[in-house]
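I opened the notebook to look up voids, a charged pair and a helix packing. My entries follow the structure.

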Amino acid sequence: MSFVEPGSPADLAREVRNHFESAFGSSATVVGRAPGRVNLIGEHTDYNAGLCLPLALPHATYAAVAPRDDRRVRITSLQAPEPWEGTVDRLGPGEVSGWAAYAAGVLWALREAGHDVPGVDVFVHGTVPLGAGLSSSAALECSVAVALVDLLGPDATAADRHGLVAACMRAETEVAGAPTGGMDQTVALMAEAGAALLIDFEDHTTRQVPLALEVAGLALLVTDTRVSHALVDGGYAARRKDCEDAATGLGVPSLRHASLAAVEGLDDERIRRRARHVVSEIERVRATTAAIDAGDWREVGRQFLDSHVSMRDDFEISCPELDTVVQTAVEAGAVGARMTGGGFGGSAVSLVPEERVEAVVRAVDTAFVAAGFRAPQHLLVEPSAGAGIVQQ
């Protein structure tokens, strides 16, 4: 049985340095690393000033960076046929398209924050599956951000992690054109090993929530359906607008301040269902966090399943492949399972007794074959640390 492996940080940093030298003919000065994430619960709550509970993956993106003595910027990766090239003066909205916008946007956002960003060469590579709903975009942004701040030196006040979160969010929303609520960037920069991160998007506070999975004899299994997931295709933005319309209709600043009773009074049936998901999901985050603190993993599993039903029926962001993973995993012995991420494809997360992991993987693979779906990929994950510099 094979899983998508995260790789050794030291080995991957060495690999990305070698690729940098091959691409640019010089040595990288610094390598930044930032993890992907899986959200345990709390979907589409971040931009509604709600709560969410993600954790950082061991799978990460690595950015090798070196300054230039001119104002040119070159960005490339193993997947890019040739580097994207521009200048530090033309990195903002409308200037860069495609995947390079996520990296270039970070340079632009840090310049907008008042930092003297030089011309740079950037090479990125990593093990976060692309399009899997595991935040490969935020991993890219945050790896570039921490590398660049290290390059700028101790006077770079954006080394404050909240400042880096803000810069990476601007890169994604304003340059890459993908609406984001900030969950992905926050956990990529602030996670601690062994814990999930409870994020409150009303006051932007965080709390580390230790996950004693090994003590409980449990494992987290992430299944990438390999159904392409993208935040720029309109579905995410449409859901966000529905939520904003619901808040306006209820006369509240955000759905964080709405009650389920008030939501049920909304006239528009679609808007009502969207709001019902968000308000109930925020409560599920609270219930899940309390259950984890109490070691009540059966309750965590129940919250996972209720969350998936809400996303499938009220928010309408699931798909047949995700529904198949969730149903099959539970039938094969998972304590609970749910789709995770923005939706419209991507991944599911299952809470599985360690002795049932192989059985769950086999069952899901078999179900996909029977349904005629593309073969999925699986990741066994442990809560990992946030972004930082890989020391050589």
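I began with the lining of the largest cavity, and helix 10 (residues 297–313) gives the most to it, with 3 residues. I take helices (H or I, at least four residues) and strands (E, at least two) as DSSP runs, numbered from the N terminus. The model is predicted: local features need pLDDT of at least 70, side-chain atom pairs count only at pLDDT 80 or more, and totals for chains, interfaces and linings use all residues. Residues are numbered from 1 along each chain as its sequence is written, and side-chain values use heavy atoms, with hydrogens and water left out.

**Cavity.** My search of the whole structure gave 1 cavity of 30 Å³ or more. On a 1 Å grid over the protein atoms alone, a cavity is a set of points where a 1.4 Å probe fits but cannot get out; a pocket is an open set with protein on both sides within 12 Å along at least five of seven lines; lining residues have an atom within 4 Å of a point. Grid points are joined across faces, edges and corners, and a volume is the space filled by probe spheres set on the points. The largest cavity has a volume of about 40 Å³. I listed its lining as Leu40, Leu211, Leu213, Leu220, Ile292, Trp297, Val300, Phe304 and Leu351. By class I get 9 nonpolar, no polar and no charged residues there. Ala, Val, Leu, Ile, Met, Phe, Trp, Tyr, Cys and Pro count as nonpolar, Asp, Glu, Lys and Arg as charged, and the others, Gly among them, as polar.

The largest pocket holds about 1,000 Å³ of space. I find 46 residues lining it, with Pro129, Leu130, Gly131, Ser136 and Ser137 nearest its centre. Strand 5 (120–126), helix 3 (136–152) and helix 5 each give two or more residues to that lining. The lining divides into 17 nonpolar, 20 polar and 9 charged residues.

The second largest pocket holds about 250 Å³. Its lining includes Leu211, Leu213 and Leu220, and I had already noted these three on the largest cavity. Strand 8 supplies the largest share, 3 residues. I count 8 nonpolar, 1 polar and 3 charged residues in this lining.

**Charged pair.** I get 28 salt bridges in the structure, each a side-chain nitrogen of Lys or Arg within 4 Å of a carboxyl oxygen of Asp or Glu. In one of them arginine 338 meets glutamate 43 at 2.7 Å, N to O. Arginine 338 lies in strand 9 (residues 336–340) and glutamate 43 in the loop between strand 1 (30–41) and strand 2 (51–67), so this pair ties together parts 295 residues apart in sequence.

**Helix packing.** I checked helix 4 (residues 161–175) against helix 5 (residues 183–190): their axes come within 9 Å and cross at roughly 145°. Axes are lines fitted to C-alpha atoms, for helices over the stretch in contact, and angles run from 0 to 180 degrees between N-to-C directions.
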